Amino acid sequence: MKFLLQIFSLALSILRGSAEGNGTGINPPCCSRLKGISGMSGLTCATVGDSVAPASNGFSHLNAKLIAKGKKFWGSCADCNTLSLPANAALLRSEFGQVTPEDSMKWDFTEPTEGSFIFAGADLLVNWAIANHKQIRGHNLESDSLAQSIALLGNGSFGPGYHDFCDPKPYLSCGWPLRWKTLRLVVLVDGVCNLVLTFGLAWDVVNECLNDDGTLRSSVFSNLLGEDFITIAFKAARAADSTAKLYINDYNMDSNNAKVQGMIALVKRINSAETVIDAIGTQMHLDAGGASDAQAALTALASSGVSEVAITELDIAGASPADYTAVVEACLAVPQCAAITSWGVSDINSWRTGVTPDLFDSDYQPKPAYEAVIAALT
């Protein structure tokens, strides 16, 4: 571990040095934040950043209701594709207090080729959030499933345009894949974290790193660095943003199951010497009838000693009022449960559109689940 952290320090110093033009050859991650970006590739969002007063739609202002119960916000995922839809954006303004980028801050969007950082879509979301007085959760800095498809270990390739481990840069030598992987991880985390520096409330630093049995998931980073890659990523995120809550986030943590117990053990190990991980997020992409153990999951995750837990990507197949109410009541019952984020506003834009999981239907009208949630919060 000491050796890995020395590599982390080296990588971070190289990254800082590259920003000062020290000839290392890395193009430092530079944000174009607040420069009126026109949109993500293939999408037209020229007016997304406009500030518009929340519509008087007669709804009950979901976010305000949850805040009144002592929580931080009720948020939603968003990105250029949904912010550009007037009906969707209107509900985001009136009903939700926070936005999480669905894709635009992920590795393949922010660094599609090595050393070339593109923040157009992420800038757009940040601009919109600031203009509309919404909080921001950064999502995500390192995701094992995404890294697996981008950073292949076998031949050192990072896909088209990426070079091998036998690199001519003076600070690397052939046969040092450990140093190179650590450097890539730090560049990624530092660069994207700086995107919402001073604007971000929280960051999903490491996403989906565990198997369902609670063991560490195989990935390009864990296969080489073990679970130390998690510490490296969190330390890089903390170096880039000293104030945000730093989250580890995962799915299928909807009951006090083996994955939850694995997460608790992992967080306790990593935080044993110093607090590196601030908080745990459980996504809660639930099947119909799957909400009954939500409180047990949140209570167990809070027992890891983190300062807060959160429901970060909520959607429920069928969107039954009983299921949604159970999740809300679970968060209200656990003091450490800080917030709820829905993974979408309307069924028509959901990644699970076939199971109609959201609080608003395909016509952007409130469903019975919305009314039940409001009743539970009143």
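Visitor: Let's start with Tyr-364. Buried or exposed?
Guide: This is a predicted model. In it, Tyr-364 has a relative accessible area of 15%, and buried means under 20%, so Tyr-364 counts as buried.

Visitor: What about phi of Tyr-364?
Guide: Phi there is near 65°, a positive value in a residue other than glycine. Most residues other than glycine have a negative phi.

Visitor: And what is phi of His-133?
Guide: Phi of His-133 is near 60°, again positive and again in a residue other than glycine.

Visitor: Where is the place of His-133, then?
Guide: In the loop between helix H6 (120-131) and strand S3 (135-143).

Visitor: Buried or exposed, that His-133?
Guide: Exposed. The cut-off is over 50%, and His-133 has a relative accessible area of 71%, so His-133 passes it.

Visitor: You mentioned S9. How many of its residues are buried?
Guide: Six of six. Strand S9 covers residues 337-342 and is mostly covered.

Visitor: Which way do S9 and strand S1 pair?
Guide: In the parallel sense, over four bridges; S1 is residues 73-78. Ser-76 stands opposite Ser-342 in S9.

Visitor: How many bridges between S8 and S9?
Guide: Three, also in the parallel sense, with S8 at residues 308-316. Ile-311 has Ile-340 in S9 as its bridge partner. The chain goes from S8 through helix H13 (residues 321-333) to S9, a right-handed β-α-β crossover.

Visitor: Back to S1. Which strand do three bridges join it to?
Guide: Strand S2, residues 98-101, and the two run parallel. Ser-76 turns up here too: Val-99 is its bridge partner in S2.

Visitor: Why call S1 largely enclosed?
Guide: Because six of the six residues of S1 are buried. Side chains in a regular strand alternate between the two faces of the sheet. Here both faces of S1 are covered. Phe-73, Gly-75 and Cys-77 are buried on one side, and Trp-74, Ser-76 and Ala-78 are buried on the other.

Visitor: Cysteines next. Which ones form a disulfide?
Guide: Cys-331 and Cys-337, with sulfur atoms 2.1 Å apart. The count is one disulfide. The angle about the S-S bond is -100°, and the link is left-handed. Both cysteines of the pair, Cys-331 and Cys-337, are buried.

Visitor: What about Cys-77, buried or exposed?
Guide: Cys-77 is buried, with a relative accessible area of 5%. Cys-209 is also buried, at 0%.

Visitor: How many residues are in the largest nonpolar core?
Guide: The largest core has 78 residues. Trp-74, Ile-230, Ile-248 and Leu-314 have the most contacts inside it. Another core, of five residues, lies apart from it; among them are Ala-202, Ala-279, Ala-310 and Ala-338. Nonpolar side chains tend to be buried together in soluble globular proteins.

Visitor: How many cavities are there of 30 Å³ or more?
Guide: Three. The largest cavity holds about 80 Å³ of space.

Visitor: Which residues line the largest cavity?
Guide: Cys-77 and Ala-78 are among them. The lining also includes Thr-82, Asn-88, Glu-102, Trp-343, Gly-344 and Trp-351.

Notes
Residues are numbered from 1 along each chain as its sequence is written. This is a predicted model: local features need pLDDT of at least 70, side-chain atom pairs count only at pLDDT 80 or more; totals for chains, interfaces and linings use all residues. Side-chain values use heavy atoms; hydrogens and water are left out. A disulfide is a pair of cysteine sulfur atoms within 2.5 Å. Buried means under 20% relative accessible area, exposed over 50%, partly exposed in between (1.4 Å probe, protein chains only). Two strands pair if DSSP finds at least two bridges between them. A crossover is right-handed if, with the strands pointing away from the viewer, the path from the first strand over the helix to the second runs clockwise. A nonpolar core is a set of buried Ala, Val, Leu, Ile, Met, Phe, Trp, Tyr and Cys residues joined through side-chain atoms within 4.5 Å. On a 1 Å grid over the protein atoms alone, a cavity is a set of points where a 1.4 Å probe fits but cannot get out, and a pocket is an open set with protein on both sides within 12 Å along at least five of seven lines; lining residues have an atom within 4 Å of a point. Grid points are joined across faces, edges and corners, and a volume is the space filled by probe spheres set on the points.
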